[in-house]
Every structure is written in C-alpha cells, then in structure tokens.
Amino acid sequence: MSTTSMAKGTAMPVSLPWPGLLALSTAAFTAVLTELLPAGLLPRMAPALGVSEARVGFLVTGYAVASFMAAIPLTALLRGLPRRPVLTGALLGFAVSNAVVALSSSYVLTFTARLFAGCMGGLLWAMLVGYAARMVPAERRGRAIAIVLAGITLALALGVPAGTALAGALGWRTTVGALAGLAVLLVGWVRWRVPGFAGEAPDARLPLARVARLPGLPAVLSVTLLLLLGHQVMYTYVAPFAAHAGFGRTDVVLLVFGAATPAGIWITGVVVDRHLRATLLGALALCAAVMPALALYFRAPAVLLTSVALWGLAFGGAPTLIQTALVDASGPAHADVATSLQTTVYNAGIAAGSLTGGVALEKLGPGALPWTALPLMTAALVTVALARRRAFPPTRSAQVTPQC
C-alpha cells in the first residue's frame, strides 16, 4: 500500500497516463454509440428485421433497462476479480453483441443481443470512473475522470451523427459491424496501455449496503438523482417547449445545447481538482437560474438560445464533478460498487424525470416545464451547499487516499 498526499503546495506535478485514459475514454465512446446508434438507424433496420420503427426503438429501451438492472448485481458478483480482464470482457461483450446485430435478420435474436450489450454497458459504466481514479494520484483524479467522460460527449456530438451518415453510405449492417471491430481493437489497446489492478480482497470487501452508507455517499447519490430529474423534465420535452416558444427549429436548440457541453467539460477538467465544490455550486446555480429565464422570456429567441447554451455549459461539467465527489467519498477501492449505485440512480433519474415532465406537459402545458424543473435543480444545489463536511468539502487538499 502507498499513499498520495494532497497537501497544498507540496504535491509535485504528475503527468497524466494519456494513452490509458484515452483508451478508457474510447470505451465510453463505444458504449454510448452501441446504446444509441439504433435510434439513428430506425428507417433502415425496420425493413431488414420485418418490424415497425417503434419496435426497433425498443432496442434502445431494452439496452437501457438491462443496463439499469445489471449494473449493481454484476459489479457485486465480479468485484473480487482482476480489473483489466473484467474490463476487456465487457468490451468483448460489446463486440459479440454488435456482430450478432450486424448479421441477424431475426428481431428476437437482435433484441436478445441488445439485452446482453446492456448488461455489459452496466458493468462497464460501473468500472470506468474507478479505473481512472486508480491510474492517477488523488490530486489529478478529477482531470482523469473528465478525460474519460469526454468520450460520452464525443459520442453524442459526433459519433451518433457520423454513424448515421455512414449507415446511409455503406449500409447499417456495415456500420454496426465496424462498431464491433472497434470494440475488438479497443481490447488490444486496453491490454497494451491500461494497467492491471487487483480486485477487492475478501477481507476488504464491504457489503453493498455499507458502501451505500459510506459518509458522503448518500448526499452524492441524492444530488445525482435530483439533477437528472430536473434536467430530464426539460431536455426530454425540448421539442414541444421550442414549439410553445414559437421557435420551430428544435434541431438548432439541441445543437446549441450540444455545442456548449464540451466547453463545460473542458472548464471542469481544468478546475475540478482544486475547486470541486465551488464549481459544482456554480454549475447547479446556473442550471437553476436559466429555468426562470426560459419560463418568463421564452418568446425571445436570443434569450431562449442563450439560456440553452448556459444550461448546456453548466450541465456538461456536472457529471465529472459529481463522480469525482463520489470517488472521493467512497475511495478508489470501493469506487466500482459506488459507481454501480450511481449508474442505477442516474438511470432512475432519467426515467423519473421524463415521466415527471410528461405529466407536467400533459396536465399544465409546455410553459410549466421550466417551473417543474426549477425546484428539483434548486434542491440539488441546496444539498451540495449543506453537505460540506463529507460529500462536497470546501477543499480536497487534506485528503490522503490509499492506493493499492
């Protein structure tokens, strides 16, 4: 065992293990692209599988449900095994699933392959943040996590549109097959440049319930849930809100949000290790502040687009900040289990936020969406403000984190 002190002014600059972190970022990219690409291929996949476009859409739903259900049990089952073989096993699972989807003409077989991929996704998301945290000293942890999570933004901003365009040029089966090939290549990259870590020793393996009760962890999970609830209330129903505002270009609204997100990630990567609490408070305050602006001045296009850009900027960095706080609270040794809990909470927030927004839209109309999101985002902000001792301390400089 060794320790890394984060005493301010004493830590020497440490270069980041870029090849390994970029491999993990590419794994995040591959997982997101595997999950969402069928949404862009609905018109092409439906005739090939002999089903409606709605049923092809269920391939995305099935993946998400499997990921939600599998994250905690699979992580708990495999937590004692060496980490790199588990990581490469999940990536090989993506390769097999995508290969089956690329070759299958049976909807049942394709759906089964997607469920399997979802299980691999739940396992992978529980590992990536903890893996990045163990690859660097504690004082560089936030930046390492930001690099890994940037793969999500790259997949959303470039991967899905590029994959959809490639399917138009070469066919959807070729595109999905190429994604399987990427996963295989990534296995080699991980084995070459990502270090191996031991699994949790039996005598150090905390029960799942005890991990969930570690000091600070309940507050971090609460902030995750509240933020995703508020975010999804608005984001899921951007189209009807844009129409309500008299701004018919939903694609422009989403483009502005998506373009601002990488800037939020970049800013977060620069400041997260020194100013996590202050940055998260600022991001959540900005998320909350744009909601009244959207509610009151929605008919002014300049206000609408500026508010959406600020929302994307603030939300872009929030996952990195929250996940860094999660690893700080759990410690790298328990990060996989803690992240599996957060993955489940994250998906629950997405589902519940979409449901809440749908009820508000149906009962009160699009104008009620920002007012519905506002108290949820404000509650997340208040939780961070109050949880200053364990979950979101004013400084991380006094922490001494054991590294195995």
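Leaving aside its neighbours within four places in sequence, which residues is glutamine 232 in contact with?

## Glutamine 232

In this predicted model, glutamine 232 contacts Tyr237, Gly349, Ile350, Gly353 and Ser354, when neighbours within four places in sequence are set aside. Glutamine 232 belongs to helix α9, which covers residues 217–235.

The relative accessible area of glutamine 232 is 11%. Because buried means under 20%, glutamine 232 counts as buried. Valine 100 stands 132 residues from glutamine 232 along the chain, and the C-alpha atoms of the two are separated by 32 Å.

## Threonine 30

Threonine 30 is part of helix α1. Its relative accessible area is 0%, so threonine 30 is buried. Not counting residues up to four places away in sequence, threonine 30 touches Leu179, Leu182, Ala183 and Leu186.

A polar atom of the threonine 30 side chain lies 2.8 Å from the backbone oxygen of threonine 26.

## Largest cavity

Three cavities of 30 Å³ or more are found in a search of the whole structure. The largest cavity has a volume of about 60 Å³. Its lining consists of Leu33, Thr34, Leu37, Pro38, Leu41, Asn98, Val101, Arg114, Val176 and Leu179. Two or more of the lining residues come from each of α1 (18–40), α4 (83–103) and α7 (172–193).

Helix α1 gives the most to this lining, with four residues. By class, the lining of the largest cavity has seven nonpolar residues, two polar and one charged. Leu179, one of the lining residues of the largest cavity, is also among the residues that threonine 30 touches.

## Second largest cavity

The second largest cavity has a volume of about 50 Å³. The residues that line the second largest cavity are Met234, Val238, Phe241, Val253, Leu294, Leu304, Val308 and Trp311. The elements giving two or more residues to this lining are α10 (238–244) and α13 (301–330).

Which element gives the most to the lining of the second largest cavity? Helix α13 does, with three residues. The lining of the second largest cavity has eight nonpolar residues, with no polar and no charged residues.

Conventions: Residues are numbered from 1 along each chain as its sequence is written. This is a predicted model: local features need pLDDT of at least 70, side-chain atom pairs count only at pLDDT 80 or more; totals for chains, interfaces and linings use all residues. Side-chain values use heavy atoms; hydrogens and water are left out. Buried means under 20% relative accessible area, exposed over 50%, partly exposed in between (1.4 Å probe, protein chains only). Contact means heavy atoms within 4.5 Å. On a 1 Å grid over the protein atoms alone, a cavity is a set of points where a 1.4 Å probe fits but cannot get out, and a pocket is an open set with protein on both sides within 12 Å along at least five of seven lines; lining residues have an atom within 4 Å of a point. Grid points are joined across faces, edges and corners, and a volume is the space filled by probe spheres set on the points. Ala, Val, Leu, Ile, Met, Phe, Trp, Tyr, Cys and Pro count as nonpolar, Asp, Glu, Lys and Arg as charged, and the others, Gly among them, as polar. A polar contact is a pair of N or O atoms within 3.5 Å; within protein, one must be able to donate a hydrogen and the other to accept it, and residues adjacent in sequence count only if both atoms are side-chain atoms.
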